[in-house]
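Thanks for making time this morning.

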Amino acid sequence: MDEITNKCKELNHLLRESSEYITYVQAKNAIMANESLYYSLMDFKHMYTDVLQYTEGNPYDEILRMCNENDELLHNSTVNEYLRAESAFSRLVKKVLRETSEGLLDQ
């Protein structure tokens, strides 16, 4: 088990050195420098998640309405950079999880 823990720590270190992570941290720091912008985005993300989780049927119309109402926020360059960086880092983490779990349940 110690070997697995050590490999996990190595992987964590590699993730922290990745361009995706570095870009994400820079973008997060930039958006957090503007407290009102940060909280506006977090409110939007919370509402977006709620719509996806709790809307019966197709949430398309509700999401479209929310995006239209928050158009200025979503087109803010700092917000846009943060969302792109967050998405890229999230894709990297999902890839790592997919690769490390591949074949584990096949036995």
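The expected span of a helix is 1.5 Å times one less than its number of residues, and helices here are DSSP runs of H or I of at least four residues, numbered from the N terminus. Before I use that, note that this is a predicted model, in which local features need pLDDT of at least 70 and side-chain atom pairs count only at pLDDT 80 or more, while totals for chains, interfaces and linings use all residues. Residues are numbered from 1 along each chain as its sequence is written, and side-chain values use heavy atoms, with hydrogens and water left out.

Helix 3 has 20 residues and should therefore span 28 Å, which agrees with its end C-alpha atoms being 28 Å apart. Its buried residues (under 20% relative accessible area, with a 1.4 Å probe and protein chains only) are Leu37, Tyr38, Leu41, Phe44 and Val51. Because they cover an arc of only 150° around the axis, they lie on the same side of helix 3, the arc being that of the directions from the helix axis to the C-beta atoms. On the other side, Glu35, Ser36, Asp43, His46, Gln53 and Tyr54 are exposed, meaning over 50% on that scale.

The buried residues of helix 3 pack against helix 2, helix 4, helix 5 and helix 6, where contact means heavy atoms within 4.5 Å. Tyr82, leaving aside residues up to four places away in sequence, touches several residues, including Leu41, Tyr24 and Ile31.

How values were computed
Helix = DSSP H or I, 4+ residues; strand = E, 2+ residues; numbered from the N terminus.
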